[in-house]
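Look over the sequence and structure, then read on.

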Amino acid sequence: SSPVPPTPGILITTIASKGELQMWPELLPQLCNLLNSEDYNTCEGAFGALQKICEDSSELLDSDALNRPLNVMIPKFLQFFKHCSPKIRSHAIACVNQFIMDRAQALMENIDTFIEHLFALAVDEDPEVRKNVCRALVMLLEVRIDRLIPHMYSIIQYMLQRTQDSDENVALEACEFWLTLAEQPICKDVLTAHLVQLIPILVHGMRYSEIDIILLKGDVEEDEAVPDSDQDIKPRFHKSRTVTLAHEEQRGGDGDGDGDDEDDDDTLSDWNLRKCSAAALDVLANVFREELLPHLLPLLKELLFHLEWVVKESGILVLGAIAEGCMQGMVPYLPELIPHLIRCLADRKALVRSIACWTLSRYAHWVVAQPPELYLKPLMTELLQRILDGNKREYIQKLMPPLIQKWNELKDEDKDLFPLLECLSSVATALQSGFLPYCEPVYQRCVTLVQKTLAQAMMYNQHPEQYEAPDKDFMIVALDLLSGLAEGLGGHVEQLVARSNIMTLLFQCMQDTMPEVRQSSFALLGDLTKACFVHVKPCIAEFMPILGTNLNPEFISVCNNATWAIGEICMQMVVLNNLVEIINRPNTPKTLLENTGEAWGAITIGRLGFVCPQEVAPMLQQFIRPWCTSLRNIRDNEEKDSAFRGICIMIGVNPGGVVQDFIFFCDAVASWVSPKDDLRDMFYKILHGFKAQVGEENWQQFSEQFPPLLKDRLAAFYGV
C-alpha cells in the first residue's frame, strides 16, 4: 500500500497523548467517522491515529471524563474485523486488545462477539493479524478464562498450530499462551491430553534459529583464540520468570503494526521463541512434574547425543529447563547424564559449552549430594580447565571498559540497565577476584537502585495520588547483581557491605509485598551469609522471623530461597558458635539476642523439616542437640508446636540421626507443659519406639542417667 501522508496522524496523536483529548471533544467522533471513508488512505490513517490514542490513553477512554466513548468505539472496531484490508483488520484487533487487561466495561459487554470475531480470523493469511489474534487470546486467558473454557479444546489445537507458525513473531505470541496457561488452576485438566503434541513443539522451538547462529557467530569452531566480545557472555538462554515479565512489559506495545521493524543492531532480541519455549517448558514442568517425562525422555535421548551441535545444544537446554519441576523423576537418569554434560564442557562449540555449564548449575544440588569422586571432582577439574585453558581472562581489559562506560552512561531509570546488570553479574561470577577493580561503582549503583525504588514505593504508598508506583524490576535486577557480586567476590565483598546500608535495605526488601522482590532478597541474604557472615550475624534475630513466615509453598521460589538462606545461616551459626560447646557450658550467660536468634533458627529448622523432611532429615545428627537445647526454654506456643511436629517427622525419616543425642530429645519433650493431643501421640510413639528398639534392660540403664525431675515427668506423661 502507498504510504499515508503522516502529518495528520502524527499531529493528532501528539495532541491526544498530551492529555488534550478532553480539550478537543470532537476529535474522537471525527476520527471514527473517517473510518467510514471510501478512500483507503484516509481510513488507514484514521485507524493508525486511533490505535496510538488507544495505546496511550486506554484508561481515560474508559472513564466518565470523556463520557465513555468506548461504548461507541468498541462495536465500531469490531465491525472492521471483517474488513478486506489486512492492515485495517490488524489495526482493529490491536485497538480492541488495548482494553482487555483493564477489563473495560464496553469490551466486557461485547466479549462474546469479540471472541467470535477472533475465531473467524484464526486462519487469516496475514501474519500481523494472526499475531494480534494470538495476543488477544493470551490476554483473555488471563482476564476472562471463563469465556474461553467452553472453546478450550479448539483454542489449544489452534495454539499448537500457531506455535509452529512460519512467521516467528506469530509463533512467539502463540508460545506465550503456554506460559500463561501454566499459571491457571485449570492447566492440568485442559492440557494433559495435549502434552503428546505440545512437548515436541516446545522442544523444537528451543533450537537456535539460523539467524541467531549468524549473529552469535556460533559457527566459529575452536574459538579459544578469538577474544570474547561482550556479546559472548550475555546470558542467552533461560531468564528468571521475573525478568521474563519485565521483557513482556518492554515489548508490550509494538503497535505500529509493521511486522518488519525488527531490531537492526547485531544483538539478539531479548525475548524470542527459543527463550519463550524454554520458559514455557520450565513452568509446565513445575505443573506436571514427573508426568512430563514419558513425553520428554524419548526426545531427550535423541537430542542429547545428536551429531549436529545445534540439536545437541537444544537438548541440553531442555534438560536444564525441566530441572526444577522434574528433579525427582530425573534422578535415576542423572548418573548417566551428568558425566555427559561434563564432557560437553569441553565441546568445540562455545555455545554448547555455555549451555552445558548452565544446565549443570541447575542440577548442582544433586551433584554436591553425591560422593565427590563421582561427579564433583571431574566437574571442578573440567571447569578449572575451561578457565585456564583458552584463558579468556586475558580479555578482561578489552571487555570491561566498554561495559563500565555503558554503565556510566545509563540513567538509573533506564530499562537498558537490565541486560547490562545481567551481563555484569555473569562477568563478576566468572572473574571472581578479577572483577575487584570494577566492583565499587557497580556495587554502589545497585545499592542506590534499591534505595531509590524503596523510597519511591514509600512515597507512593503514602500519597498514591501524587506519586507514581515504582517499577520494582530495577530493584529485583539490582538485588540479583549484588548476589552475583557476593558470590563472585566472596570475602572481598565485606568492605563494600561495611561501607553501605545494604543490611537495612535488605530488611525492607525481605518484607516487600511483591514475591519476586522477596525471592531475590533471600537469595542475596544467603550469598552474604556465605561471603561475610559478620554483617549478617547482628541481624539474625530480626531476620529469622521474616524468613520463617515465608516458608509458604504457595510461592515456591520464595519458599526455596528462604529455605536456602536459613540453611546457610544455621550452618554458619553451628560453625561460629560451636553450639555443642555452648551446651556443655550451661552456666555461660547468653545475650537475649543470641537466644532469640538461636531459637528462631531452631524453630525454622523444625518448620523446614515439616515442609520438606526428605531434604532436612539427613542432617538431623548435626543439629538435634543444639536444636533441643535452644527450644527447651521456650514456653508452649504455636511456633514451638510447628517446630516439634517437623522434628518428629524428620525422626520418622531418619531415626538413626537422633540415637546418640536421645537424652536431649527426651529433655526437650519434657519441656512441654500441655502439648496438643496429636503432638503428644507423636512423642509417645517415638519414646516407646526407642524403648522397644533398645530393649527393657538397656532402657533402664539409659534412663538411670536422667535427672530425677525428667524421669518423673516422662513416666507421668508418657509412661516410660
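**Labels and the values behind them**

Q: Why is F507 called partly exposed, rather than buried or exposed?
A: The relative accessible area of F507 is 27%, so F507 counts as partly exposed. Buried means under 20% and exposed means over 50%. This is a predicted model, and the value is computed from it.

Q: Where is F507, and what does F507 contact beyond its neighbours within four places in sequence?
A: F507 lies in helix α30, residues 502-509. Leaving those neighbours aside, F507 is in contact with E542, F543 and I546. Contact here means heavy atoms within 4.5 Å. F507 and S521 are 14 residues apart in sequence, and their C-alpha atoms are 8.7 Å apart in space.

Q: What makes K188 partly exposed?
A: K188 has a relative accessible area of 33%, and that value makes K188 partly exposed. The cut-offs are again under 20% for buried and over 50% for exposed.

Q: Which residues does K188 touch, not counting residues up to four places away in sequence?
A: K188 touches V287, F288 and E291. K188 is found in helix α13, residues 187-191.

Q: Why does N67 count as exposed?
A: The relative accessibility of N67 is 64%, so N67 counts as exposed. The cut-off for exposed is over 50%. N67 is found in the loop between α4 (58-61) and α5 (70-79).

Q: What is the phi of N67, which is not a glycine?
A: N67 has a positive phi of about 55°. Most residues other than glycine have a negative phi.

Q: Why is R289 called partly exposed?
A: R289 has a relative accessible area of 33%, and therefore counts as partly exposed. Phi of R289 is near 50°, a positive value in a residue other than glycine. R289 lies in the loop between α17 (273-288) and α18.

Q: What makes α18 oblique to α19?
A: Helix α18 (residues 293-304) and helix α19 (residues 309-321) pack at an angle of about 140°, with their axes 8 Å apart. That angle makes α18 oblique to α19. Roughly antiparallel would need an angle over 145 degrees. The crossing of α18 past α19 is left-handed.

Q: Which residues of α18 and α19 meet, and how do they divide by type?
A: From α18 come L296, L300, L303 and L304. They meet V311, K312, S314, G315, I316, V318 and L319 in α19. The residues of this contact divide into eight nonpolar, two polar and one charged. Gly counts as polar in this scheme.

Q: Why are α41 and α43 called roughly perpendicular?
A: Helix α41 (residues 677-694) and helix α43 (residues 708-718) pack at an angle of about 115°, and their axes are 11 Å apart. The class of roughly perpendicular runs from 65 to 115 degrees. The two helices α41 and α43 are therefore roughly perpendicular to each other. Their crossing is left-handed.

Q: What makes up the contact of α41 with α43?
A: R680, F683, Y684, L687 and H688 of α41 make the contact with L714, F717 and Y718 of α43. The residues of this contact divide into six nonpolar, one polar and one charged.

Q: Which residues have the most contacts inside the largest nonpolar core?
A: They are L61, F114, F177, W178, L191, I322 and I338. This core has 128 residues. Apart from it lies another core, of 100 residues, among them L424, C439, F662 and A668.

Q: Which residues of α5 are buried, and what do the buried residues pack against?
A: In α5, L70, M73, I74, K76, F77 and L78 are buried. The buried residues of α5 pack against α2 (27-34), α3 (40-56), α4, α6 (86-97), α7 (105-109) and α8 (111-120).

Q: How many helices and strands does the protein chain have, and what percentage of residues is buried?
A: The protein chain comes to 43 helices and zero strands. Buried residues make up 52% of its 720 residues.

Notes:
Residues are numbered from 1 along each chain as its sequence is written. This is a predicted model: local features need pLDDT of at least 70, side-chain atom pairs count only at pLDDT 80 or more; totals for chains, interfaces and linings use all residues. Side-chain values use heavy atoms; hydrogens and water are left out. Axes are lines fitted to C-alpha atoms, for helices over the stretch in contact, and angles run from 0 to 180 degrees between N-to-C directions. Angles under 35 degrees count as roughly parallel, over 145 as roughly antiparallel, 65 to 115 as roughly perpendicular and the rest as oblique. A crossing is left-handed if the near helix is turned anticlockwise from the far one by less than a right angle, and right-handed if clockwise. A nonpolar core is a set of buried Ala, Val, Leu, Ile, Met, Phe, Trp, Tyr and Cys residues joined through side-chain atoms within 4.5 Å. Buried means under 20% relative accessible area, exposed over 50%, partly exposed in between (1.4 Å probe, protein chains only).
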